[in-house]
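User: I have a model open and would like to know what stands behind the words used to describe it. Could you take me through a few of them?

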Amino acid sequence: MTTARDEILGRVRRALADVEPDREPVASPRLAERPHAEVVDLFAERVEDYRAIVERCTPAQLARKVGAAVPKGATVVVPAGLSVAVKGATVDDGTLTSADLDAIDVVVTDARVGIAETGTIVLDHTAGMGRRAITLVPDRHVCIVRTDQVVADVPDAVELLDPARPLTWISGPSATSDIELDRVEGVHGPRTLHVIIVG
Amino acid sequence: MSGTFVGMPAFPTAAKAALGDTQLRHNLSHATGVIRAKRSKLVAEVEENLGWEDLRLAGAAVKDRALRDLETNLVLLEERLSAAGATVHWARDAAEANAIVVAVAKQHAAEEVVKVKSMVTQEIGLNEALEAEGISAWETDLAEIIVQLGHDLPSHILVPAIHRNRAEIREIFIREMGLVGKPAPEGLTDEPAALAGAAREHLREKFLRAKVAVSGANFAVAETGTLVVVESEGNGRMCLTLPDVLVSVVGIEKVVPSWTELDPLLRLLPRSSTGERMNPYTSTWTGVTPGDGPQEVHVVLLDNGRTNALADEVGRQALRCIRCSACLNVCPVYERTGGHAYGSVYPGPIGAILNPLLKGTGDAQTDSLPYASSLCGACFEACPVRIDIPEVLVHLRSKVVDGHRDDTVSKLEAVAFKGAAYVLSDAKRLSLAERGSGLAGRVLSRFGRTTLPGGRRAAGRIPGPGAAKWTSARDLPAPPAESFRAWWKRTDGGTK
Ligand code: SF4
């Protein structure tokens with residue numbers, strides 16, 4: 001008996017008998033180069049467009065800014081290896097269950113890449129970002145992006161990222177347009193996204 | 001449990017019924033109008049900086065490259081997925097795919113699964129197959145919950161509940177949520193934010209306890225074994241992250257050759273679908289990551305007619321489709337009839353070609369779909385991967401006609417053309433018909449009843465036997481106020 005695999009591959013081969021493969025990867029159109037400071041400004045503007053909170057600061061101000069981004073009395077979880085110390089935060093050691101995370105108000109993380117054109121932050125869930133669940137279940141995500149992590153557009157980010165890692169691309173807070181195509185922030189992911197751009 | 005499209009009437013019958021539903025037409029034209037405006041704004045922004053056409057060409061080229069070498073790409077995808085700890089399954093058809101998912105759920109004694117919105121699992125009727133085995137399948141996308149709780153059918157690829165307005169959604173939530181889990185909060189209003197909040201509360205308990213999740217994938221990268229899910233609400237992230245077991249059903253046409261070639265597609269999809277620079281969340285994963293997310297990952301590679309479409313030299317371009325739904329939003333036929341009239345999970349212009357390509361022509365419902373179009377070309381203009389839908393429609397019409405050569409009863413188009421032949425065969429009848437329709441053109445233009453893409457006016461029915469059948473559910477471009485024959489006579493061939 002032929003397996004489903006062999007049969008499907010055989011059908012594909014027969015269907016494409018008239019076609020030559022094309023072995024040359026497709027090059028993506030790129031934006032013209034711009035000064036990096038402009039790219040960072042655009043990143044801040046575009047993230048804000050999604051109704052995220054955006055602040056900028058120097059490395060010296062970072063700890064204070066992060067502290068101020070955590071509401072009074074809120075419980076906080078942070079990943080191991082975070083670039084800044086957060087007072088009173090629980091460091092995730094992988095043992096917190098989903099229900100435990102559901103009882104935590106805020107998560108603070110670093111980022112891997114920021115994309116200016118689309119206002120996107122990408123997490124690769126290595127040190128400083130932690131496993132995926134911690135940035136998903138709490139309702140407020142405070143995310144630190146260094147200016148030297150900001151690139152112009154999607155192809156620049158794709159080149160930097162390692163596909164072997166799980167990646168989460170975040171463009172603004174969780175949202176839906178399912179009710180009369182009206183964008184509403186806040187469905188299942190964090191309802192508040194607070195981005196701090198450092199440098 | 002949601003309804004099923006099986007046994008739906010052919011397009012003209014279903015369209016006629018939908019046209020009589022004024023609430024539906026209002027909801028649709030509002031929604032498609034909003035989304036069209038958002039999309040054009042972003043396309044213009046890309047046009048200014050980069051060139052939208054260049055991006056479209058790149059997107060189409062990536063998908064073509066994947067399809068031209070599909071066998072190599074699928075074998076590579078399988079190898080890389082397995083190397084990354086995923087279990088790969090192959091399914092020739094819907095029944096095989098459903099059986100695989102059911103078996104995985106049963107292995108884990110799961111009584112329920114949570115689902116990320118996915119066209120392909122609707123295509124194969126997975127929810128029904130799971131329910132037949134006593135396993136509840138919870139849809140988690142807001143629009144899908146509205147459809148599922150409303151015992152309804154999806155009517156749009158991206159916004160399946162596009163035919164429902166906020167008051168209807170509120171009623172469904174109040175009536176149904178309590179029957180299957182956490183009830184809607186007291187005093188729920190019809191504010192979109194309040195409705196979204198109710199869905200968040202209702203689903204959270206399901207996300208936190210679910211052991212098995214089912215997803216589709218927008219893209220599958222052969223070179224790396226990476227799957228990609230593009231979404232907005234975070235329900236996708238919940239399903240892809242929290243449960244222990246993840247099963248993804250992936251059509252074989254979803255493959256992308258290399259990691260960097262994801263790029264044009266990731267830029268085209270959100271702008272074309274929701275009219276955003278980027279959708280709120282995109283998740284990518286490559287098999288199993290120890291200590292992070294599901295530790296048992298299955299991928300079901302599905303044919304279910306895709307190789308039929310691939311064998312069709314004209315039609316195979318339809319497999320480039322990234323399900324953005326831009327063609328639905330610009331389609332004058334879709335805007336008036338809604339998605340249900342197409343009788344399939346793939347409605348609108350893409351549905352009119354994809355269904356016959358996947359299923360083959362020959363049944364009355366499928367055969368009527370290539371005629372559900374005025375061939376105005378708006379869908380091709382909007383398509384981010386440059387699928388020439390009108391070309392495929394014409395090609396499929398000829399296939400349908402070939403299949404009906406020996407029929408004794410003439411089919412719809414034959415009837416309409418007979419009517420046209422009756423009108424055109426006699427000069428006197430033709431000029432009478434023209435005068436009639438010229439008048440209609442003036443009247444309609446005065447009231448500006450309807451406008452087609454490109455600003456053309458739309459007329460109602462045209463006279464003549466058979467033509468009434470053809471136009472009873474379609475708006476045709478309005479005839480000019482003066483016919484060519486009348487103009488020729490008045491100006492003596494343009495000399496006066
Ligand atoms: S055919 Fe093109 S426009 Fe229509 S859904 Fe598919 S990709 Fe989008």
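User: What are the end-to-end distance and the helix content of residues 60–87 of chain B?

Analyst: The end C-alpha atoms of residues 60–87 of chain B lie 30 Å apart, and the span is 82% helix and 7% strand. Helices here are DSSP runs of H or I with at least four residues, strands are E runs of at least two, and both are numbered from the N terminus. UniProt, in an unreviewed entry, places the feature "coiled-coil region" at residues 60–87 of chain B; such annotations may be inferred rather than shown by experiment. One note on the source: this is a predicted model, where local features need pLDDT of at least 70 and side-chain atom pairs count only at pLDDT 80 or more, while totals for chains, interfaces and linings use all residues. Residues are numbered from 1 along each chain as its sequence is written, and side-chain values use heavy atoms, leaving out hydrogens and water.

User: Why is helix 2 of chain B called roughly perpendicular to helix 3 of chain B?

Analyst: Helix 2 (residues 22–49) and helix 3 (residues 52–68) of chain B pack at an angle of about 95 degrees, with their axes 7 Å apart. Roughly perpendicular covers 65 to 115 degrees (under 35 is roughly parallel, over 145 roughly antiparallel, the rest oblique), so helix 2 of chain B is roughly perpendicular to helix 3 of chain B.

User: Which residues make that contact?

Analyst: Contact means heavy atoms within 4.5 Å. Helix 2 of chain B brings Arg39(B), Val43(B), Val46(B) and Glu47(B), and helix 3 of chain B brings Trp52(B), Glu53(B) and Leu55(B).

User: What makes Thr109(A) buried or exposed?

Analyst: Buried means under 20% relative accessible area, exposed over 50%, and partly exposed in between (1.4 Å probe, protein chains only). Thr109(A) has a relative accessible area of 0%, so Thr109(A) is buried. Thr109(A) sits in strand 4 (residues 106–110) of chain A. Beyond its neighbours within four places in sequence, the contacts of Thr109(A) include Pro79(A), Leu123(A), His141(A) and Ile144(A).

User: And why does Leu375(B) get its accessibility label?

Analyst: Leu375(B) has 35% relative accessibility, so Leu375(B) counts as partly exposed. Leu375(B) lies in the loop between helix 17 (364–368) and helix 18 (378–382) of chain B.

User: What is phi of Leu375(B)?

Analyst: Phi of Leu375(B) is near 55 degrees, a positive value in a residue other than glycine. Most residues other than glycine have a negative phi. Asn304(B) also has a positive phi, near 45 degrees.

How values were computed. Chains lettered and ligands numbered in written order. Axes fitted to C-alpha atoms, helices over the stretch in contact; angles between N-to-C directions.
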